[in-house]
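Reader: Hi! Could you walk me through this one while I have it open?
Author: Happy to, let's have a look together.

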Amino acid sequence: LGASPAVSIYVDEAGFAFPIMAKAASLDIERVEVLKGPQGTLFGQNSTGGAVNYIAAKPTDEWMGSGSLGYGRFNRIEANGVVSGPLAEGIGVRLAVQGVNSGDWQTSATRDDTLGKEEYYAGRLLLDLNMAGPIRAQLNLNGWIDKSDPQALQYFLLLPNPPGVNEAVQNFPFANLNPRSADWSTGEYRPRADRRQGQAALRVDADISSNLTATSLTSFIAFKQKQTTDGDGMSLALLNNSPDDGTINSFTQELRIANNPGGKLNWILGANVEKSKVKQTQYIYFPDGSVNNPGNLNIFQNANRTRQDFSTAAVFASGDYALTERLTLKAGIRYTSTEIKANLCGMDAGDGRINELFTLLGNLLSGTVVAPLQPGDCYSMNENNIPGLPFIDKLKEDNVSWRGGVDFQANPDLLVYANISRGYKAGSYPTIAAATTIQLSPAKQEQVTAYEAGFKAKIIDRTLQLNGAAFYYDYRDKQVLGKILDPIFGLLDKLINVPKSRIIGAELEASWTPSSNFDVKAAGTYINSRVSDYSGFDVLGEIQDFSGVALPFTPKWTYSLDAEYHTQDLIAGGEFFIGGTLTGKSAQDAAFAGDRVSLPDREGAKVVDNLAYPFHIDAYATVDGRIGYTADSGWRAMAYVKNAFNKYYIANVIPGADNSARFAGRPVTYGVQVGFEF
């Protein structure tokens, strides 16, 4: 829960400190603003990948409302509603709500059982205060509840570690190769979740003078999670997290002052602070894994407790200057100081076996007599191989991020630009089982220097909009999910730092309206990623030099094509439309060197369909479709299909200690939706 985002998410410039918080950001929006590359000199927090700012639909000057109701496959029901209008002179209100409920969509590969329900509710209340005078305010109260089942995994690979796994695991069948097939544990270890969040955000704008405006953004978010997940894709238990609970309390305050745009020089000065507390506790159950053996005193469960306190303070400035009517210079700078205080503890889960094992190990390895571990003690051994105390540490970092660029308006239909920028992503501590405290060291901050040049052009009588760019990202200490090898618990996932890596890429977007009845949008991105310097453990537990391999989850090609035909005046002056969307990506690796890591010659090792490279994800593409009608009177109806050809594809691979499992993409879904406005 405590990992910082590479791409920062905002609603009306009020940010979310951690990715899980942004689940309902897209509720009832007016538009979306996307800033690519390093950010942090305009508002919000540091980021290396970009910023997405959702602009919420605002209260209207007159009373209005809208609603929609949809029904689809797996008995999926979705309802949305909006009411907006003035409460009094200068006071507007807008209420938006959403609810989703559906049945199970996954089926067990070994028994008559299903999983995958959706149960989700969200709401937002906006209150605009635009009283006569220089001060304007907006209060945003929002929240969501998500009780949807976590997606179950498809078991597809067995790679037992010595001394091996039991016969039931050896004989357990792989999942079927279709989108719905999966498996999971039952009873108290059955996957389930209850996540909920509430936020209060207040924005105040005050006109200091005819040319200066001050802005205050205050936000408090409370998040709570109670869930159980199954990480092995089996009804057996090699990796069950039950429970996996946590909380986040996050406060942010930002102050800015800016001149009113329109002149040659536009500028902004700001400062912000963030205070967040993140708590997470996991109980891990693994009786069928190789860790459960006599040499480890047959341990079969443990618990981890993570506490992190985040304190961030930053000041920033940004501006642009119109050197001529065609040439504009841009610059920005930000100083950020971050401190993370961590208290990490691996604990016995209640049966006493972990305490007994690490008391024994402490006595054998420390050269001294170790007091028997008691319930609540922390078992991870310190640098002197003595267990019993939590790992208490502090990560204090600061950085200066910046950007500079130039825009050249060659003519009214062609803009050419070039930018160079530097950004950072904050570090974090892991939530893992660790025999020694050295494995609890944090991932430090990530740095990227980005170079980009591009254009925006309108051609063919302005019916075709083309946007293109080429870019080069130079990373230092890039944070990537990697592996560490624990002497007791085997291979563990951990956010690691890759010392040097880079990405070279290009992108092209096109929006074409060849006629008043036809719209076409297309986009494609090419990425060539490489690790320049990193050695570490691969998914098999072997030390490798990964120099020259691609970064995980960086397909060379991603692309989309959307076309829609629409015509008016067929029925009562309304509009009929029909459209389709193709999206896809080329092959990618789910782990370092996934395109060259094959199944080793180890007793009991096997993989579904004799895959040559199990941790390499094949290319795939899906097709969606829609058809509908919008009447001038305010009602509308639509039928849709997603993944129309029921394409079976893999979205992610989760390498485990003894077995590995995969997330499959959703199967074909279809439904209808009706809506109205008043």
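Reader: Where in the protein chain is confidence lowest, and where is it highest?
Author: This is a predicted model, and its confidence is lowest in strand 2 (residues 14-15), with a mean of 92. The highest is in strand 9 (residues 114-115), at 98.

Reader: And what's the mean pLDDT of the protein chain?
Author: The mean is 95, and 99% of the residues reach 70 or more.

Reader: How do strand 8 and strand 13 run, parallel or antiparallel?
Author: Parallel: strand 8 (residues 106-108) is joined to strand 13 by two bridges. S108 has A182 in strand 13 as its bridge partner.

Reader: Nice. Switching topic, what does strand 33 pair with?
Author: Strand 33 (residues 620-630) pairs with strand 29 (residues 575-585) in the antiparallel sense, over 11 bridges. Strand 33 also pairs antiparallel with strand 34 (residues 636-642), over six bridges.

Reader: Which residues are bridge partners there?
Author: F576 is partnered with Y629 in strand 33, while I627 is partnered with A639 in strand 34.

Reader: How many residues lie between strand 33 and strand 34 in the hairpin?
Author: Five, and in that turn G634 has a positive phi of about 115°.

Conventions. Residues numbered from 1 in each chain as written. Predicted model: local features only at pLDDT ≥ 70, side-chain atom pairs only at ≥ 80, totals over all residues. Heavy atoms only, no water. Pairing = 2+ DSSP bridges. Helix = DSSP H or I, 4+ residues; strand = E, 2+ residues; numbered from the N terminus. pLDDT = per-residue confidence, 0-100.
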